[in-house]
Structures are given as structure tokens and as C-alpha cells.
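Please look through the sequence and the structure that follow, and keep both in view while you read the report below.

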Amino acid sequence: MTTAFGTAASSVIPIDPKIRVQSFTGLKSSYSVALTTNLRLFPVSSSTPLIRAVSTPVKPETTTTEPKRSKVEIFKEQSNFIRYPLNEEILTDTPNLNEAATQLIKFHGSYQQYNRDERGTRSYSFMLRTKNPGGKVPNQLYLTMDDLADQFGIGTLRLTTRQTFQLHGVLKKNLKTVMSTIIRNMGSTLGACGDLNRNVLAPAAPLTKKEYQFAQETADNIAALLTPQSGFYYDVWVDGERFMTSEPPEVVKARNGNSYGTNFTDSPEPIYGTQFLPRKFKIAVTVPTDNSVDILTNDIGVVVVSDENGEPQGFNIYVGGGMGRTHRLETTFPRLGEQLGYVPKEDIFYAIKAIVVTQRDHGRRDDRKYSRMKYLISSWGIEKFRSVVEQYYGKKFEPFHELPEWEFKSYLGWHEQGDGALFCGLHVDNGRIGGKMKKTLREVIEKYNLNVRITPNQNIILCDIRSAWKRPITTALAQAGLLHPRYVDPMNLTAMACPAFPLCPLAITEAERGIPDILKRVRAVFEKVGLKYNESVVIRITGCPNGCARPYMAELGLVGDGPNSYQIWLGGTPNQTQLARSFMNKVKVHDLEKVFEPLFYYWKRKRQPKESFGDFTTRMGFEKLEELVDKWEGPEQTPARYNLKLFADKETYEAMDELAKVQNKSAHQLAMEVIRKFVSARQNE
């Protein structure tokens, strides 16, 4: 197989003297002298040599002044590759970790949290996040996570927007038990958080189509390529015992290759070194048209390119996407990825590595607000970024191949896999699995020995189902409220929210706990202004501006900007290819209808044929929309009507309407709930 290290001479690019990239011959400890007074000696595993505090290789210096670094950079440098002081802190009797260990445990896949609903002494706990490339969860791991949620968590599992589990409420004294149990049951949390490559996304559908299989395989291999190698994870949680899976030789070769100065020689972390990356790093892989992964929101977006026979030939690469920002700081912003180029399939690992190393060596380490790769590309421009990456890659990128239009694909409902088996995609509101739903899912997954997959939209897919199992599984799921998507409000199917309160330390206001009521209120506004039930908009809500639920891609995004207050973003598209923009600030939750009503009213009346709400708001312009909101006095009054599609006579409608008002619902909402329950009951007969 031809690789970047065995290419024709004509394809290797010369080093541009104007953009010098230092060749790395080893680790330097340029900052060690200044830190020796605070550096402690500490025990390490007998299998691990003592690594003194070192730093990433020094770039050519233009000044003798030591560059400023964030506190986290110093924690990393002094940690003996993310071990110390975490390995000591988890053994103490205190319920929480010290500042350094709190930062380091992120690399192991955990965040320290406390219950913000409680006053007085903080009740600390830990959130654990798994790492599941492409959302794949083996049967054994699902059942293990289900058990751990009950034994050591808060009794629920949460599906994330990056195809992983989050397990909340784990006490410090139970961390090692929970972590080791996950490791011994085909799971891992390594790198699910922290300044390194996070979970690699891929379409969750278990389709046997060649391009889908290739995308999933590529996601697995990229995850392996960028997995830490120094063993710190296993030293801390399973006393140095290794649970390594086999890796394709091409992955090992790409990781270890150093023809273009990408690696730290003689280091246990050949790609990351002691300092790892400046911030988190996110990668997604997909196939043309399938934007189930929000491809443009990632640091790297990889798209399979196939020939006319469906045979994968290579990859288009996007770079520079990212969602996080800071309120009232215009120099921080969400950003879409842009086209970097095309690489043949045998070179993808070298290209990915070159991009990661460019960010490693040139991303900012002084101010973490600006440490994501999107700011490096925004500062340099795509041409300079491409030129530097090409020097690490060893060749020029080929022109980006033309792609068809993107579509959002949810994979909900029943589908054929292509191998004779079926899969079933289930909608889970905000990814929270608990109560009867959790019990029933476990029973079904355990009884039929099913593997599952988590989608980037916080839903779950049951895989490898025989045709004979479809009816009993459908019945069992319906009894737990897991209905076919046609019985779920279309608005709920595309909505997402982050956890926010009570456990997220960054939350400013509600998200997961607030979205059910907000969606009901939006549906009521739809009815008030005359929009149909099958019409919908993509709504995403976050409790802070960091953007975990990707609200800046939504048609209607609500971003917490104060207590019970949201910043409103408009202009995303249903296929997640256009960035929304900030429309209004500090809208109190009880005043949302004052903004929603005029926006949806005029969308109903002034939209073009098949124009989405996001496209409508962009075409109208925010100045005009602000004017409509400011002058809004309510919809034009029309004679009272009742819905002939649901109600046979006016009296029935009025009786239903009276009952609905008691439950703070519309007659239409209550009627639809009654109908859905009736259908569900009939399915179970």
C-alpha cells in the first residue's frame, strides 16, 4: 500500500523557506528550570520510566522572554504524562480533587461536578463519559453501563451529541471501581474529555453499504491513531494492566512515522508529547449527503469519496469548525469548517496527523478561549494553514471533489441493514434514558443480545434484529413510550439540549430541564398562528455559550445568557450547513412568545414555497425581523374555527378545549396525545 512515506518524488513538496517548520529530534525542557522549585518527586508504576517535567519542542525564538502559558499547560507539564497528582488525589478521603487533578482527570474521561440546586456545603460527584467511535456500543458494554448507572450513578444514562454515554453522580470513592469496570467490559473513557482528540463521529446506521462500512472503519482507525500511548489511563485505573485491542498495521506505521518532523522521538507520546494539544479536538467522518454528524462543526471533517461503482477512493477534508464562544467577547465565535483538499485513501492517516500536529505546534497555549484550531485558521487564513500542513504531510493536497447537497438523516424507525437483519432507531428526548424506558431497553437488549449505536442527535439504534423479533420488540418498546417516530411530535425529533443545571458547572440557565416546556410552548404558538402539525423547525438549547448541543447550527437556537434568560440565534438550516447568527439578547424565558409569535406568524404568511424557517429569517434580514417583533400586537383575529381533521363537531372540540386548558395544553395537543396512546395500546394487543 502506497503511503505518504513512499510517494513519487514529484509529489513531495519542498520546504518553503518563508514558513519554517522545525524538525523535532527529541523533547526539550526549556521551561523546567523555572519550575524546579515547585516540582515534587513522586512514585510511578514500575513499568513506566520517570519522565521529568518537559515541554513541547521550542519553536525558533525571536525573544528571550519566556512565552506566557495558561495554568493548565503547567499542570500538564508537571503531571508525568497525566498521572500526577491525580494518582494520589483519588486515594484521599476528601470528596473532591485539587485544582491540578481536576484538570487532569478530564483526559481520563471525567469532569468534577457538584449539585448547584443545593445550598451550603457542595456535594461533589463526577460525570464519566465513554469513548465510542461511530457510536458503537457492544451488548456487554451497554448492560454494564446500565448497571453502573443504578449502582453508582443517579439511575439514568445520557446519550450525548458526540455518540457517547455520560454517567452522572459517581462519587470519588467509587471512581476506580466504575472506571475499571468499564475498561474490563469492552469500554473506555480515555480521551473522552481533555486536550486531545475526542470521540470520532460517524453515521450511526449499521448499513452494510460499502461507503458506510468504510466510514465507520475509518473513524475507528483515526480514533486508534490519536489514542494516547503512554499508558497513564491504565496505570491510574487498573494498576498498569493493559487492555489493548489490535490495531491495523497501517495505523501503527502512520503513528510512528516521522519523515516530516511530526513526532517526538523517544517519547511515550509520539504525537502528543508532554503538553498534548492546546484544547479539545473533534473529528467526524461521513459519506456524501449524510450530515447526521454535523460535519462542518468539527475541527476536521472527513468525507468518503467513491468511484462510480461505489468503491471508496479517498477523502475530502474540511477543517476549522467549532461551536464554543464567550458572551460579550466578539473575538470568540462559532465557525464552520472549510475545504482543505482531497487525499487518496491510503494517505488519510498521514493527512490527519499533519493537521493535528499543525494545531499542536501553532495553536495558542496562553489563553484557552482562543486555543481551538478554528482561531488558528481564522488568524492565518486557509492558504497559509494548508501550506504548513502540507510540510508535515509531505505532499500537496489535491483539489476538493464536488459533493452533492447535504441532508440531515436521523435513522429513526425500522430499516433494513442490507444483510437480512433490521435496525430500529428510537427517539430519546434529550438523550436521557431513565425510568420505565431504561428498564424496557435493558430487557430488550439483553433478551435479544443486541448491539446498539448512539447517534449524534442523542438517540439510540438497536442493531442486528431478526425479522421475527420486530413485532414483540415493537410492542415492548411502545409500552415504555418508545414509539415509532410518526407518533412523536416532529419538533421533538430534531430538538437537542445540553444537560446544564443542576450538575454542569458552566450552566447559566436551564436547558435539558427547560426544553420540554419550551417545545410545548412553540407548538402552541404554531397552532395560534396557523402552522400545521407536520411543520417543524430545528430547535437547540444550551445553558451557556459553549455550544455542546450545537445551537449555532439550529434554525432557532436558545443560548443561556443569564438566569432564566436566553440569547436567541436564527438562521441555521435543517441540513446543518449554515451558521445561525445572534438575533436578540437577554430574552426572559416567560417572554419567549413575544419573539416566537411574530417570527412564526410572518414565516407562515411571507415564506416562499418550501422555504425553511432558517432560510426565511436569513432572506428577510434581522433588521426587518426586529421591526416586526417590536411592532407585534398579536395575530389578526379571525372567526373561531375548529380542526375538522380531529373533531367531528364543534361541541366535541369545545369540550376537549376546556379539558386541555386545565392541563395547560391546546385542544389539538391533548387530542393528539389521546390518539397516540390509543394507537400504542392497539399495537400491544
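Phe 596 and Phe 600 both belong to helix 17 (residues 592-606), where they stand four residues apart, about one turn of the helix. Helices (H or I, at least four residues) and strands (E, at least two) are DSSP runs, numbered from the N terminus. The model is a predicted one, in which local features need pLDDT of at least 70 and side-chain atom pairs count only at pLDDT 80 or more, while totals for chains, interfaces and linings use all residues. Residues are numbered from 1 along each chain as its sequence is written, and side-chain values use heavy atoms, with hydrogens and water left out.

**Aromatic rings**

Rings of Phe, Tyr and Trp (its six-membered ring) pair if their centres lie within 6.5 Å, and planes under 30 degrees apart count as stacked, over 60 as edge-to-face and the rest as tilted. A search of the whole structure finds 25 such aromatic pairs. The rings of Phe 583 and Phe 622 form an edge-to-face pair, because their centres are 5.2 Å apart and their planes stand at 75°. Since Phe 583 lies in strand 19 (residues 581-588) and Phe 622 in helix 19 (residues 622-630), this pair ties together parts that are 39 residues apart in sequence. Phe 583 and Phe 622 are both buried, where buried means under 20% relative accessible area, exposed means over 50%, and partly exposed lies in between (1.4 Å probe, protein chains only).

The rings of Phe 596 and Phe 600, by contrast, have centres 6.1 Å apart and planes at 45°, so the pair is tilted. Phe 596 is buried, with a relative accessible area of 1%, and Phe 600 is buried as well, with a value of 0%.

Arg 581 lies over the face of Phe 622, at 3.9 Å from the ring centre, and Arg 607 lies over the face of Trp 603, at 4.7 Å from the ring centre.

**Helix 16**

Helix 16 (residues 515-529) has 15 residues and reaches 21 Å from its first C-alpha to its last, close to the expected 21 Å; the expected span of a helix is 1.5 Å times one less than its number of residues. Just after helix 16, Gly 530 takes a positive phi of about 95°.

**Strands and sheets**

Two strands pair if DSSP finds at least two bridges between them. An open sheet of five strands has the order 3-13-14-11-10, with antiparallel pairing. Strand 3 (136-137) and strand 10 (413-416) stand at its edges with a single partner strand each, so one side of each is left without a neighbour in the sheet. Strand 10 pairs with strand 11 (residues 422-426) in the antiparallel sense over four bridges, and the bridge partner of His 415 in strand 11 is Phe 423.

How many of the six residues of strand 5 (residues 165-170) are buried? Six of the six are, so strand 5 is largely enclosed by the rest of the structure. Three bridges join strand 5 to strand 2 (residues 124-129), and these two run antiparallel; Phe 126 has Val 170 as its bridge partner in strand 5. Two bridges join strand 4 (residues 157-159) to strand 5, again antiparallel.

**Backbone exceptions**

Most residues other than glycine have a negative phi, and most peptide bonds are trans. The table lists some departures from this pattern.

| Site | Feature | Value |
|---|---|---|
| Tyr 84 to Pro 85 | cis peptide bond | omega near 5° |
| Phe 501 to Pro 502 | cis peptide bond | omega near 10° |
| Gln 458 | positive phi | about 70° |
| Asp 464 | positive phi | about 60° |

Gln 458 is in the loop between strand 13 (452-454) and strand 14 (460-465), and counts as buried at 1% relative accessibility. Asp 464 is in strand 14 and is partly exposed, with a relative accessible area of 37%.

**Confidence**

The mean pLDDT (the predictor's confidence in each residue, from 0 to 100) of the protein is 89, and 87% of its residues reach 70 or more. Over residues 1-61, however, the pLDDT is below 50.

Methods: Lys NZ or Arg CZ within 6 Å of the ring centre and 35° of its normal. Contact = heavy atoms within 4.5 Å.
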